[in-house]
Amino acid sequence: YYATDTIARLDDIAFSLITYHSSFTGGAHPNNRQTAINFSLKNGEALCLSDVLLPHGETVLEGMILDWLQEKASDFGLFEGYSSVVTDKFGKAGLAQQDDAWYFSQSGLVVFFNPYDITPHAAGVVKLEFTYDTLDGILQPDYFPSVTPNQGSGSVAAGMVDELSEELYGSFSTVEYVE
């Protein structure tokens, strides 16, 4: 078993952490799963996807996801009925419960599907990134980074971290072997 944690975004607005889990107990391949957690650094609250989208954006995001998947379908082979999984996770009714299959990156909003959600295991985690410039009118203005990605990593929330170097961004692994 191992887990890798990656800080995807940390600034004065939001903190996004991705955890990738892998365990092997025998069989054809390991069991892999990615989860994410997002916090507002304005109030310290955990965020659901519905918290960060404008009302119009809640209805548009599902269509953006379906369009992207249809465009890329030949790259990884979508399961029949994948659109119902997308609707369950990212349709208007599912957004208030959607707290672990999306995150903010330095350049946009990422939604993802784990192996066997909509694709075979061989496809791995399917990640769809929508850049901040494509999210105008969809994402609440408060969640756009205060510094654009090509201007640097942005500022750090006051009181959260005393000093943050560029080295903090990246991955941290914890490996545990159990006999």
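Tutor: Start with who touches whom: among contacts in the protein chain with a separation of 6 or more, 60% are made by residues 24 or more positions apart. Contact here means heavy atoms within 4.5 Å of each other. Please keep in mind that this is a predicted model, in which local features need pLDDT of at least 70 and side-chain atom pairs count only at pLDDT 80 or more, while totals for chains, interfaces and linings use all residues. Residues are numbered from 1 along each chain as its sequence is written, and side-chain values use heavy atoms, with hydrogens and water left out.

Now for the overall plan. Read from the N terminus, their order is β-β-β-α-α-α-β-β-β-β. Of the 179 residues, 40% count as buried. Buried means under 20% relative accessible area, exposed means over 50%, and partly exposed lies in between, using a 1.4 Å probe and protein chains only.

Let's zoom in on helix α2. The helix covers residues 55-76 and has 22 residues. From its first C-alpha to its last it reaches 32 Å, close to the 32 Å expected at 1.5 Å a residue; that expected span is 1.5 Å times one less than the number of residues. Even so, α2 has a kink of about 45°, centred on glutamine 70. The bend at a residue is the angle between two axes, one fitted to the seven residues ending there and the other to the seven starting there. Just after the helix, glycine 77 takes a positive phi of about 70°.

Which residues of α2 are buried? They are Gly57, Glu58, Leu61, Glu62, Met64, Ile65, Leu69, Ala73 and Phe76. These buried residues pack against α1 (49-52), α3, β5 and β6. Threonine 59 also lies in α2, but threonine 59 is partly exposed, with a relative accessible area of 47%.

Side chains of opposite charge can pair when their charged atoms come close. In a salt bridge, a side-chain nitrogen of Lys or Arg is within 4 Å of a carboxyl oxygen of Asp or Glu, and this structure holds four of them. In one, the side chains of glutamate 58 and lysine 92 meet at 2.7 Å, N to O. Glutamate 58 belongs to α2, whereas lysine 92 sits in the loop between α3 (82-90) and β4 (102-104), so the pair ties together parts that are 34 residues apart in sequence. Glutamate 58 has a relative accessible area of 14%, so it counts as buried, while lysine 92, at 48%, counts as partly exposed.

Helix α3, one of the packing partners of α2, has a link of its own. Its lysine 89 forms a salt bridge with aspartate 117, the closest N and O atoms being 3.3 Å apart. Aspartate 117 lies in the loop between β5 (108-113) and β6 (126-131), so this pair ties together parts that are 28 residues apart in sequence. Aspartate 117 is partly exposed, with a relative accessible area of 22%. That loop also holds tyrosine 116, which has a positive phi of about 75° although it is not a glycine. Most residues other than glycine have a negative phi. At 48% relative accessibility, tyrosine 116 counts as partly exposed.

Terms used:
Helices (H or I, at least four residues) and strands (E, at least two) are DSSP runs, numbered from the N terminus.
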